[in-house]
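Please consult the sequence and the structure shown here alongside the notes.

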Amino acid sequence: MTNLRTCLARASVLTMAVLRTCHGFYVPGVRPHEFTPGEDVPMKVNALTSIHTQLPKDYYRLPFCRPTGGPKMASENLGEFLTGNKIQNSPYSINMLREVYCQVLCQVTLTKVEAHTLGTHIKYGYHNNWIIDNLPGASVGLTGSGQHQTHYAGGFPIGFIASDTKQAYVYNHVNILLEYHNPDNKDGHRVVGFSVEPMSIDHKYAGGYTWDGESSEGFTKPLEACQTNLHIDRSAIQSFQRVAVGENVIYTYDVSWKYSETAWASRWDVYLSEDHMVLAQVHWYSITNSILVVLFLSLLVVSILVRNLRRDIAGYNQMAALTDEEKEEEAEESGWKLVHADVFRPPSSSPMLYCIMVGSGSQIGLCAFFTICLSAVGFLSPARRGSLMTATLVFYMLCGCLAGYVSSRLYKSFRGRQWQLCTLLTATAFPGLCFSTFIFFNTILAFFRSTASVPFLDLVIVAAMWCCISIPLVFLGAYFGYKADAIAFPTVTSTIARAVPEPTLFMKPVVGVALAGMVPFAAAYVELFFIMTSLWMDQFYYVFGFTLAVYMILLVTCAEVTLLLCYYQLCAENHRWWWFAFFSSGSTAMYTFVYSFFWFRSLEASKMLITYMLYFGYMFLICSGLFLVTGSVGALVSLWFVRKIFGTIKVD
């Protein structure tokens, strides 16, 4: 009775955790900092980003104000470097509860190179990404109807291009809007909101004063666009700051503080939901759509497979009980029993490659499952930049044991001899493809001076993790796989392979493979759109509770479709099901890759070749991983299915 209560309690806790994830529950994972009035509130700047180029750039590469003593790097983890983050200090002076009115920061006289560089980055739609107390700066702007609108992801633009003259203008003034919360009337206050309203103002000093950009007098002289103890309003701007050679760009900023009832623990909620811009009903629609697909497939599998299999098995077993004379009187046998002597014959082409791909797919699939689960319970929140990438690398390495075990068990059942080569390729084939592609792009990004170019030391760390942890774990898993007994098959394989009859058009394996991936892709299509938007358009994605549900539905759908198609192939007396099962469920990745071509138009990408290379190169790697995951699911489930049905019949 006690054990039953314990199990029920654990089940209740697990159920509540899953339900809470659907509402964006997360664990911030950092200790709140309480600022006393007047205390310095440091503001940091991250790399400039653009969805049109996919090339993050160093903030101080453009002619912006620099801090005294030069910019200094903030401490970053491996995941932040791999995702292109470059966080540095800034020259902005912000103090808790201290209002700032049109404070002059610096003056920059644009040279020819600086004007061209700044104008080009404005043209490509680059955005600033500022951080205060680990909160990214939201962008406050105007809609077409003149209403204020706030975007919480992607930062705020560095400037704009005039629609009529095509002249570039830089945002040289910012209204920094900060919200604070004081729980229990303590001495310190917590920052719970951070937004930036950028403006372009052609600043001129009152009385015709000209500043050289260095003397201290320029920091105190009044500007024509500024009023004493009043924050600058957008409606009062008379002219914008052009980007042209010889222009004196004066950078200024305002700081305003506002009390908020938002608790520190929930300050990220508005970022994750984008202020409820994407309704939760959309994700529920995605889940409902996926569940309906699974239910339809499950009913189809039950109605066709279970009913037909029971009839087939009963008929075959009755036939086995007849005498030879009675068998001659019966009609000639047909169906999947006829291939019993060939159904467990190893793949006729590349059996080692088959084992490698199934093992690699199992590793990636389990890694994805653990990563999504950890994200769903809140340990990989956006408050920890780079944590998702770091966790993915760690889980992928640890799951190497499974890859070695699965590939070795399969290769042993195929009676392969080159087990060392099989294990080595399992450990190096897909990771080697990813690492070589990453090195290739990293070299190109270094020429573009992009922050996405990972430093050499971090490349060495990743390579060391691969060689010293991942590969040994794959060999460890392979050791246990080869040491275990070979997979037992219920029938004996004949010496000579049976000829496969010529199939009809719809029973051809190519047709089955081409159509099989459509159903799993349809089940995950809606959620895939949000994942792509987060991946390529700098949006926050944190509904990992939905992601976990869609991921499981995707795998179940792949398994059911593959079982159904494999059954019909066996009924058509085609015993070559190994590769067919893998490619049938793996074709989901083909539809995903084709979909990425259509989705690419929403980026409004620049005409730079590197943008196309980065997008389609990394999408190819992502779809390759998806191909291995879904293919291995179909292959392993089909192996279980074939062993099950042939183990229930009596064979002479």
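**Cavity and loop residue**

The second largest cavity has a volume of about 110 Å³. A cavity is a set of points on a 1 Å grid over the protein atoms alone where a 1.4 Å probe fits but cannot get out; the volume is the space filled by probe spheres set on the points, which are joined across faces, edges and corners. This is a predicted model: local features need pLDDT of at least 70, side-chain atom pairs count only at pLDDT 80 or more, and totals for chains, interfaces and linings use all residues. Residues are numbered from 1 along each chain as its sequence is written, and side-chain values use heavy atoms, with hydrogens and water left out.

**Cavity lining**

- Lining residues have an atom within 4 Å of a point; of the 15 around the second largest cavity, Tyr59, Tyr92, Trp130, Tyr171 and Tyr251 are the closest to its centre.
- Two or more residues of this lining come from each of the strands β12 (173-181) and β14 (248-259), strands being DSSP runs of E with at least two residues, numbered from the N terminus.

**Glu99**

- Glu99 is located in the loop between β2 (88-89) and β3 (100-109).
- Glu99 counts as partly exposed because its relative accessibility is 29%, between the limits of under 20% for buried and over 50% for exposed (1.4 Å probe, protein chains only).
- The side chains of Glu99 and His231 form a polar contact of 2.8 Å, that is, a pair of N or O atoms within 3.5 Å, one able to donate a hydrogen and the other to accept it, where residues adjacent in sequence count only if both atoms are side-chain atoms.
- A polar atom of the Glu99 side chain also lies 2.8 Å from the backbone nitrogen of Trp257.

Note on methods. Helices (H or I, at least four residues) and strands (E, at least two) are DSSP runs, numbered from the N terminus. On a 1 Å grid over the protein atoms alone, a cavity is a set of points where a 1.4 Å probe fits but cannot get out, and a pocket is an open set with protein on both sides within 12 Å along at least five of seven lines; lining residues have an atom within 4 Å of a point.
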